[in-house]
Amino acid sequence: MFYGWWIVAAGFALQLLNGVLLFNSFGIYFVLLREEFKWSKTVISGAFSMARAESGVLGPLQGWLIDRFGPRLIVTIGLLLFGVGFMLLSQVNSIITFYLVFLLMSIGSSLGGFMAVSTSVANWFARKRATAMGFAMTGMGVGGLLVPVLAWFLDAYGWRAVAFYSGVIIIVIGLPVAQLM
C-alpha cells in the first residue's frame, strides 16, 4: 500500500482529536465554565476568539517551521503542547490562567493540526491529492459526531477530569500517530 495513505489516516486521526476535543466541544465547556466560575459569556468567548486570532498570526511562522524542520517534529511539539494544555485546563481557577492555558492549547492545536496535515498530505500526493485531502480533513467533521459522547463523559465525570484525560488521550494517541507524518 502506498505510504501516502498512512499519512491520510494519521491526518484524519489528528483532525478528529482536534475536532472532538476542542473545536466542536468548546460550547459544552463554555456552559460548564460559566456555571462554575460565573464568568460572563464575553470573557469566555474571548478565549476562543483569541485562539482563532492566534492561528492567523502563527500561520506564516508555522509554515516556515514545517518547511525547515518537517511536519513530524512540528506536529509532535504541537500535540505535546495541546495535551499538556488540556491537563492544565483541569487546574484552572482564574480567568488569567484560563486565557494562558487556552492560548497554550490553541498553539498546540494549530501546530499539530490543519496546516501540518494538509502540507503532509499534499507532499505525498500528485494524483488523487484532492481525494486524499478530503479524507484527511473529514476527521474534523467526524470529531463533531463524537461530541455527544464527550458531553456524556463531561456530565458523568465532570469537566476537570475529562479535560485532564483529554490531555492524556492527545499525548497517548496523538504522539504515535504524529510519527507517521
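Trainee: Which residues lie nearest the centre of the second largest pocket, and how many line it?
Mentor: In this predicted model, the second largest pocket is lined by 13 residues, and Arg52, Ser55, Ser110, Phe114 and Met115 lie nearest its centre. Its volume is about 160 Å³.

Trainee: Which elements supply two or more residues to the lining of the second largest pocket?
Mentor: They are α1, α3 (41–69), α5 (95–111) and α6 (114–124). The largest share, four residues, comes from α3.

Trainee: How does the lining of the second largest pocket divide into nonpolar, polar and charged residues?
Mentor: It has four nonpolar, eight polar and one charged.

Trainee: What is the volume of the largest pocket, and which residues are closest to its centre?
Mentor: The largest pocket holds about 270 Å³ of space. Of its 14 lining residues, Leu21, Leu150, Phe153, Ser166 and Ile169 are the closest to the centre. Two or more lining residues come from each of α1 (4–23), α8 (147–157) and α9 (159–178). With five residues, α9 gives the most.

Trainee: How many residues of the lining of the largest pocket are nonpolar, polar or charged?
Mentor: The lining of the largest pocket has 13 nonpolar residues, one polar and no charged.

Trainee: What is the volume of the largest cavity, and how many cavities of 30 Å³ or more are there?
Mentor: The count comes to one cavity of 30 Å³ or more, and about 50 Å³ of space lies in the largest cavity.

Trainee: What makes a space a cavity, and what makes it a pocket?
Mentor: A 1.4 Å probe fits in a cavity but cannot get out, whereas a pocket is an open set.

Trainee: Which residues line the largest cavity?
Mentor: The lining consists of Leu21, Leu22, Ser25, Phe26, Tyr29, Leu33, Phe86, Leu89, Phe98, Phe102 and Met105. The elements that give two or more of the lining residues are α1, α2, α4 and α5. By class, the lining of the largest cavity has ten nonpolar residues, one polar and no charged.

Trainee: Why is α2 called roughly parallel to α8?
Mentor: Helix α2 (residues 26–37) packs against α8 at an angle of about 20°, and their axes are 10 Å apart. Angles under 35 degrees count as roughly parallel, so α2 is roughly parallel to α8. The crossing of α2 past α8 is right-handed.

Trainee: Which residues make the contact of α2 with α8?
Mentor: Ile28, Tyr29 and Leu32 of α2 meet Val147, Leu150, Ala151 and Leu154 of α8. This contact has seven nonpolar residues, no polar and no charged.

Trainee: How do you know that α1 is roughly parallel to α4?
Mentor: The angle between α1 and helix α4 (residues 71–89) is about 20°, with the axes 13 Å apart. The cut-off for roughly parallel is under 35 degrees, and therefore α1 is roughly parallel to α4. Their crossing is left-handed.

Trainee: Which residues make the contact of α1 with α4?
Mentor: From α1 come Leu14, Asn18, Leu21 and Leu22, and from α4 come Val75, Leu79, Phe82 and Phe86. The contact of α1 with α4 divides into seven nonpolar residues, one polar and no charged.

Trainee: Why is α1 called roughly antiparallel to α6?
Mentor: α1 and α6 pack at about 165°, with their axes 9 Å apart. Angles over 145 degrees count as roughly antiparallel, so α1 is roughly antiparallel to α6. α1 passes α6 in a left-handed crossing.

Trainee: Which residues make the contact of α1 with α6?
Mentor: Gly4, Ile7, Val8, Gly11, Leu14 and Gln15 of α1 meet Phe114, Val117, Ser120, Val121 and Trp124 of α6. The classes here are seven nonpolar, four polar and no charged. Gly4 and Gly11 are part of this contact, and Gly counts as polar.

Methods: Residues are numbered from 1 along each chain as its sequence is written. This is a predicted model: local features need pLDDT of at least 70, side-chain atom pairs count only at pLDDT 80 or more; totals for chains, interfaces and linings use all residues. Side-chain values use heavy atoms; hydrogens and water are left out. On a 1 Å grid over the protein atoms alone, a cavity is a set of points where a 1.4 Å probe fits but cannot get out, and a pocket is an open set with protein on both sides within 12 Å along at least five of seven lines; lining residues have an atom within 4 Å of a point. Grid points are joined across faces, edges and corners, and a volume is the space filled by probe spheres set on the points. Axes are lines fitted to C-alpha atoms, for helices over the stretch in contact, and angles run from 0 to 180 degrees between N-to-C directions. Angles under 35 degrees count as roughly parallel, over 145 as roughly antiparallel, 65 to 115 as roughly perpendicular and the rest as oblique. A crossing is left-handed if the near helix is turned anticlockwise from the far one by less than a right angle, and right-handed if clockwise. Contact means heavy atoms within 4.5 Å.
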